[in-house]
Amino acid sequence: MILALVLAVVHSLAFEYFWYWQYWWLDLVMHFGAGVFVAGIVYISGVTKRTVLLVAIALVVGRSWEVLELVFRVPYSRSFVLDTGLDLLMDAAGALALSGMLWWWRIAVSPSSAVRAASLDQTF
């Protein structure tokens, strides 16, 4: 939930003070964070733990955000298609990053991984 608060505050400030137009990369960072957040909520809620579905859901939410920008006529760059494509790419990258971190946690860090490693050693 801390990530959601940070994203909301930064988004509000960025919109108010035109940071999105001053710092082209901020939009990409925000979409990456949103991808992490959406995938995390889906993962924690137990809907799915599959990477493909986490990325797909993050893309659906990201695309919905882009549609809302069009509906509310949020000013956008000259190349709307390129901007939207990069935004969706960053949404997917955020979801993939979270999925990778969760995989690493399950394999390398979780307490059961030591037991799993020991049992693998005994099988060889």
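**A colleague's note on this predicted model**

1. Let's start with confidence. The chain has an average pLDDT of 87, and 86% of its residues score at least 70; pLDDT is the predictor's confidence in each residue, from 0 to 100. This is a predicted model, where local features need pLDDT of at least 70, side-chain atom pairs count only at pLDDT 80 or more, and totals for chains, interfaces and linings use all residues. Residues are numbered from 1 along each chain as its sequence is written, and side-chain values use heavy atoms, leaving out hydrogens and water.

2. Among the elements of the chain, α3 has the highest mean pLDDT (96), and helix α6 (residues 111-123) the lowest (52). Over residues 119-124 the pLDDT falls below 50, and this stretch has zero contacts in the model beyond near neighbours in sequence. A contact here means heavy atoms within 4.5 Å. Helices are DSSP runs (H or I, at least four residues), numbered from the N terminus.

3. Helix α5 has 30 residues and reaches 42 Å from its first C-alpha to its last, close to the 44 Å expected at 1.5 Å a residue. That expected span is 1.5 Å times one less than the number of residues. Its buried residues, including F80, L88 and L98, pack against α3 (26-45) and α4 (51-71). Buried means under 20% relative accessible area, exposed over 50%, and partly exposed in between (1.4 Å probe, protein chains only).

4. D91 is worth a look; you will find this residue in helix α5 (residues 80-109). D91 is buried yet has no salt bridge, and R63, the nearest side chain of opposite charge, is 9.1 Å away. For charge, Lys and Arg count as positive and Asp and Glu as negative, while His and the chain ends are not counted. A salt bridge needs a side-chain nitrogen of Lys or Arg within 4 Å of a carboxyl oxygen of Asp or Glu. Leaving aside residues up to four places away in sequence, D91 touches H31, A34, G35, A58 and G62.

5. Now turn to α4. Its buried residues are L54, V55, A58, G62, E66 and E69. They lie on the same side of α4, because they cover an arc of only 110° around the axis, taken from the directions from the helix axis to the C-beta atoms. The face turned away from that buried side carries the exposed residues V52, V60 and V71.

6. Finally, F18 sits in the loop between α1 (2-16) and α2 (19-22). Its phi is near 60°, a positive value in a residue other than glycine.

Note on methods:
Helix = DSSP H or I, 4+ residues; strand = E, 2+ residues; numbered from the N terminus.
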